[in-house]
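Hi everyone, thanks for coming. Let me put today's protein up on the screen, and then we can walk through it together.

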Amino acid sequence: MVSGSLGMFSRGMVFPYIPLFILSLGGEPVQVGIVYALGPLAGILVFPIAGYLADYMNRAWLIVVTGYFSAGVVLINAAAPSWEWVALASLLRGFSVFNFPAVSSIVADSLRPERRGRGMAIMAALTSLPALLAPWAAGSMLDAFGVEAGMRILYVVMASAYGIGATIQLIFLKETRTRTKDSIRFSNLSRTFKRSYIDIPQMVKNFPSSLRGLSVIIILCFIANGIASPFWVIYANTFIGLSSAQWGLILLMETALRDLATIPAGFLIDRFGRSRFIIGALISSTAIPLFLLAGTFTQVLAIRCLVGLTSAFFSPSTSALLADLVPSEIRGRTMAAIGRGSVMIGAASGGTGGPGTGFLIAVPLMLASWAGGRLYSWNPVSTWLLVLALMVAALAVAILFVRDPKSAEE
């Protein structure tokens, strides 16, 4: 949680304004889409291997190594002379997914099923609490120093936070399993990689219907975020006339409301079940296109607060249900396939990945990000209308297929 808080704080400063940084370096909305499309590309190759390693190697070690690697990659952005270098950093950052299955597995293993919803909710709320002021503080810096200079400073801060977080993990993070399956050696590394891919079809085939339905919902939500997430700030700045500081203040208030609601939401999720809150959140998400009718700071704030409240229930519900459905012995590989389940509805911070992603999500997310830039360039309104269609489809899948298991996995 401590190392995660450092990462959340730095990402809360940087991620909401990456699209503006790309534009300041000579990019256009099409290039914004390209940069975000490159992020999941490495996951196509890395995720199956990462999930396999998370089930057979020391997960704490994987997390630490990836943390230091991520810190180095972030520094490329700080020195980027053009938007192409930001694209390169986005591609390289995709290799940091090595730690996502390991992190997700340790979190799931550390929480009892009957307290999993509230545990994940509390962890999410406390981890994001230090980041509460980050978007507003960063927006104020960009207004004062300019987008390009301000973002370079913020990237240095982000790299430092990642390095400190990795050091904290190195010192304190321990493997939660009593014994790791250290059967992987360099001598059989090629066989390990081959097996990690061969096992995928059979693993997906064995998913219960609720897990398949949940996987489809998660993928649809990531597609929606890939299409729209980078362009919330651009639309607000270009068509509504909000400054960077105003957008940051909106994200601050949205995050505060989400964090305030997340902990009680976790208790309600444990008490009344996961699936009903997933359905309720998806119903609320159909209000996202009201953003197109907003013309003032207050109206945008109201819409984003509704989105934040929806995410307070949706993300813990999907994360807890995923952990309930997946046995511990294959949790690493399964979460490498579909992530932790912690996808956000209506993400506007510019970030669409994180532990919520998996290799089954990587290709749809990459294509959605690539298409999102072209769709926005063609007609900005169509971006949020497509999001509405995707949320309606996810709602239909939830109603038809998603159910709480009779007995949750440990």
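Which residues in helix 12 meet which residues in helix 18? Before I answer, a word on the source: this is a predicted model, where local features need pLDDT of at least 70, side-chain atom pairs count only at pLDDT 80 or more, and totals for chains, interfaces and linings use all residues. Residues are numbered from 1 along each chain as its sequence is written, and side-chain values use heavy atoms, leaving out hydrogens and water.

So, from helix 12, Ile-218, Ile-219, Phe-222, Ile-223, Gly-226 and Ile-227 meet a set in helix 18 including Leu-360, Pro-364, Ala-368 and Gly-372. Contact here is heavy atoms within 4.5 Å. Helices are DSSP runs of H or I, at least four residues, numbered from the N terminus. The two helices pack at an angle of about 30°, with their axes 7 Å apart; axes are lines fitted to C-alpha atoms over the stretch in contact, and angles run from 0 to 180 degrees between N-to-C directions. That makes helix 12 roughly parallel to helix 18, a term for angles under 35 degrees.

Now the core. The largest nonpolar core has 100 residues, and Trp-247, Leu-282 and Trp-384 have the most contacts inside it. Such a core is a set of buried Ala, Val, Leu, Ile, Met, Phe, Trp, Tyr and Cys residues joined through side-chain atoms within 4.5 Å, with buried meaning under 20% relative accessible area (1.4 Å probe, protein chains only). Helix 12 gives the largest share, twelve residues.

Key:
Buried < 20%, exposed > 50% of the residue type's maximum accessible area, 1.4 Å probe, protein only. Parallel < 35°, antiparallel > 145°, perpendicular 65-115°, else oblique.
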